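Q: I would like to learn how to read side-chain features from a structure. Could you walk me through one, starting with the charged pairs?

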Amino acid sequence: MNATVAASASPLLANIPSPPQGVWYIGPIPLRAYALCIIAGIVLAVWISSRRWIARGGREGTVVDVAVWAVPFGLIGGRLYHVATDWYKYFGPDRNPLDALKVWEGGLGIWGAVALGAVGAWIGCRQRGVPLPAFADTVAPGLVLAQAVGRLGNWFNQELYGGPTNVPWGLEIYRRIDPDTGLADPIAGVAVDPTPITVVHPTFLYELLWNVGVFLLVLWADRKFRMGHGRVFALYVAGYTAGRVWIEMMRSDEATHILGIRINVFTSLVVFLGAVIYLLVVRGKREDPALLAGKPYPDDIPSTTAPGKSSGTPEGSDTDEPEDRTEDPDAESPDHDDPKPKRSNDDEDKSENSDVEVESKGSDEESAEPDNASEQDDDKATKSEVDAKDAKTQS
């Protein structure tokens with residue numbers, strides 16, 4: 001650290017202390033606060049973006065599928081930009097080029113992360129069949145909030161600070177050493193003396209608060225104007241770079257300079273102008289929600305085998321489907337009068353009983369016929385006798 005040593009401005013002022021260390025060990029495994037902050041920011045961004053994507057009409061899981069491409073590309077791009085702009089830290093005299101791979105020690109350029117991350121997002125969007133501008137509009141608020149969380153990692157690493165200050169919110173910087181060797185180690189070391197070696201502007205905190213403000217601005221503008229076609233993302237870029245210009249000019253840590261000005265100031269101005277031009281030129285409301293559905297997942301393709309139909313059943317023999325009958329329509333109509341209605345059990349019993357009665361009645365009549373015949377014969381005989389007597393009397 002090359003910052004000017006300064007005591008606290010006043011014993012009455014409550015400065016912001018830096019963490020005494022930024023790395024903890026679980027056995028031989030290092031637990032780095034910077035890496036944890038980056039991971040927490042990514043998780044938060046994916047969660048917010050997923051909710052926004054579904055609310056816009058997109059499918060659940062699409063943001064995660066695209067993030068699988070965008071996040072690794074973004075991390076690589078951020079590191080490449082940092083190494084390219086601060087190359088002397090890794091390839092200068094008495095430097096170790098392998099240190100360029102030590103991402104956990106800090107150094108991720110947001111410009112490289114956004115640029116190469118956009119390439120990864122484009123690949124993921126093509127695979128899912130969704131428009132990249134709509135996806136960028138969806139993830140913009142989550143990205144800037146993730147940047148705010150990531151700035152906490154700079155606090156643990158005691159980096160991204162400004163010049164000496166007497167403001168009440170000044171940041172205390174401590175001297176950290178390696179407990180095993182006693183050598184200075186500002187990243188992985190531990191502060192053994194609570195006395196600050198300097199009090200500086202907490203530019204990491206300024207950027208954190210600015211990013212939260214941009215997050216709220218983007219959400220408000222998106223809801224009020226229903227922006228689309230990449231305009232929400234452009235607003236995020238313009239808002240972020242507008243703050244990055246003045247915050248970058250306050251920083252006093254090592255950086256590459258052009259004409260005495262930090263290189264990131266020039267980059268911020270160029271990107272800011274590009275975002276503003278995009279906002280002025282591109283017009284249009286949000287994309288049709290139907291476009292956000294993307295390509296169907298394998299589960300969305302209907303199976304050629306009907307539910308409940310085994311693969312061994314011959315085609316056309318599905319017992320679940322009613323057959324196309326070509327019989328007499330009168331037999332299928334529920335309203336048609338059946339010429340031979342079915343009889344119930346009661347009707348059959350009654351029929352049997354009636355048959356029994358008829359048979360018994362018939363047998364009674366048959367048994368009664370001989371008696372009637374004999375009576376008729378007797379009547380005839382009596383009448384014949386009467387007639388014979390009358391004849392004799394007359395003679």
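A: Happy to. The general idea is that side chains of opposite charge can pair when their charged atoms come close. Here the count comes to 12 salt bridges, a salt bridge being a side-chain nitrogen of Lys or Arg within 4 Å of a carboxyl oxygen of Asp or Glu. Two notes before we go on: this is a predicted model, where local features need pLDDT of at least 70 and side-chain atom pairs count only at pLDDT 80 or more, while totals for chains, interfaces and linings use all residues. Residues are numbered from 1 along each chain as its sequence is written, and side-chain values use heavy atoms, with hydrogens and water left out.

Q: Which residue meets Arg 52 in a salt bridge?

A: The partner is Asp 222, with N and O 2.9 Å apart. This pair links distant parts of the chain, 170 residues apart: Arg 52 lies in helix H1 (residues 33-55) and Asp 222 in helix H6 (residues 203-225). Helices (H or I, at least four residues) and strands (E, at least two) are DSSP runs, numbered from the N terminus.

Q: Is Arg 52 buried or exposed?

A: Arg 52 counts as buried because its relative accessibility is 14%. The cut-offs are under 20% relative accessible area for buried, over 50% for exposed, and partly exposed in between (1.4 Å probe, protein chains only). Asp 222 is buried as well, with a relative accessible area of 1%.

Q: Where do Glu 207 and Arg 151 lie?

A: Glu 207 is in helix H6, whereas Arg 151 is in helix H5 (residues 132-156), so look for a link between parts of the chain 56 residues apart. Their side chains meet in a salt bridge at 2.8 Å, N to O. Both Glu 207 and Arg 151 are buried.

Q: How many residues apart are Glu 248 and Arg 244?

A: They are 4 residues apart, about one turn of helix H7 (residues 231-250), in which both lie.

Q: Now the rings. How many aromatic pairs does the count come to?

A: First the idea: a pair of aromatic rings is described by the distance of the centres and the angle of the planes. The rule takes rings of Phe, Tyr and Trp (its six-membered ring) whose centres lie within 6.5 Å; planes under 30 degrees apart count as stacked, over 60 as edge-to-face and the rest as tilted. The count here comes to 10 aromatic pairs. One of them is the tilted pair of Trp 69 and Phe 73, at 6.4 Å centre to centre with 50° between the planes.

Q: Why is the pair of Phe 233 and Tyr 236 edge-to-face?

A: Because the planes stand at 70°, with the ring centres 5.3 Å apart. Phe 233 and Tyr 236 both sit in helix H7, 3 residues apart, about one turn of the helix. Phe 233 is partly exposed, with a relative accessible area of 21%, whereas Tyr 236 counts as buried at 2%.

Q: Which residues do ring pairs link into a cluster?

A: Trp 24, Trp 155, Phe 156 and Phe 204 are linked that way. Trp 24 is placed in strand E2 and counts as partly exposed at 36% relative accessibility.

Q: And which residue has its charged end over the ring of Phe 225?

A: Lys 224, at 5.9 Å from the ring centre. A charge sits over a ring if NZ of Lys or CZ of Arg is within 6 Å of the ring centre and within 35 degrees of the ring normal.
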